[in-house]
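Subject: Structure for you to look at

Hello,

Here is the structure I promised to pass on. Please open it first, then read my notes below.

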Amino acid sequence: MLRIHRLEQPGAPPMIRIEGKLLHQWVEEVSAACQDAGPVLLDLSMVTFADQAGMELLRSLIAGGVEINACSNYIAELLQRKEVRCP
């Protein structure tokens, strides 16, 4: 299961919080949520697992300018293996 929340903060870009498992069947939905929001911060702190398609999506979003606001240790480790920093 995956949940996507859009959080609005005054004076800041919108934040998209993803919760659950980022699997191939959710890639298009997450991509659309991030693209529809314009400049966006991505909160991955509640992502418990990501398959290969999910990680490819995250790398693509980061390369496209999406900023990671927070992430779990698991996701941070996977992203760092490809030399992508996660705060």
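Glu28, Gln35 and Asp36 are exposed, and they sit on the face of helix α1 turned away from its buried side. Exposed means over 50% relative accessible area, buried under 20%, and partly exposed in between (1.4 Å probe, protein chains only). Helices (H or I, at least four residues) and strands (E, at least two) are DSSP runs, numbered from the N terminus.

A word on the source. This is a predicted model, in which local features need pLDDT of at least 70 and side-chain atom pairs count only at pLDDT 80 or more, while totals for chains, interfaces and linings use all residues. Residues are numbered from 1 along each chain as its sequence is written, and side-chain values use heavy atoms, with hydrogens and water left out.

Back to α1. Its buried residues are Val27, Val30, Ser31, Ala33 and Cys34. Seen down the axis of α1, they fall within an arc of 160 degrees, so they line one face of the helix. The arc is that of the directions from the helix axis to the C-beta atoms. What do the buried residues of α1 pack against? They pack against β1 (2–7), β2 (15–22), β3 (41–50) and α2. Contact here means heavy atoms within 4.5 Å. Just after α1, Gly38 takes a positive phi of about 75 degrees.

Next, the pairing of α1 with α2. Helix α1 covers residues 27–36 and helix α2 covers residues 52–63. They pack at an angle of about 15 degrees, and their axes are 10 Å apart. Axes are lines fitted to C-alpha atoms, for helices over the stretch in contact, and angles run from 0 to 180 degrees between N-to-C directions. α1 and α2 are therefore roughly parallel to each other. The cut-offs: under 35 degrees is roughly parallel, over 145 roughly antiparallel, 65 to 115 roughly perpendicular, and the rest oblique.

Which residues meet there? From α1 come Val27, Val30, Ser31 and Cys34. From α2 come Ala53, Gly54, Leu57 and Leu61. By class, this contact of α1 with α2 has 6 nonpolar, 2 polar and no charged residues. Ala, Val, Leu, Ile, Met, Phe, Trp, Tyr, Cys and Pro count as nonpolar, Asp, Glu, Lys and Arg as charged, and the others, Gly among them, as polar.

α2 also packs with α3, at an angle of about 70 degrees and with the axes 11 Å apart. That makes α2 roughly perpendicular to α3. Met55, Leu58, Arg59 and Ile62 in α2 meet Ile75, Leu78 and Leu79 in α3. The residues of this contact divide into 6 nonpolar, no polar and 1 charged.

Helix α3 runs over residues 73–80, and its buried residues are Ile75, Ala76, Leu78 and Leu79. Down the axis of α3, these fall within an arc of 165 degrees, so they line one face of the helix. Their cover includes β3, α2 and β4.

Last, some single residues. Cys71 is in strand β4 (residues 67–71). Cys71 is buried, with a relative accessible area of 13%. Ala70 is also in β4, and is partly exposed at 21%. Gly65 lies in the loop between α2 and β4. Gly65 counts as exposed, at 59% relative accessibility.

Best wishes
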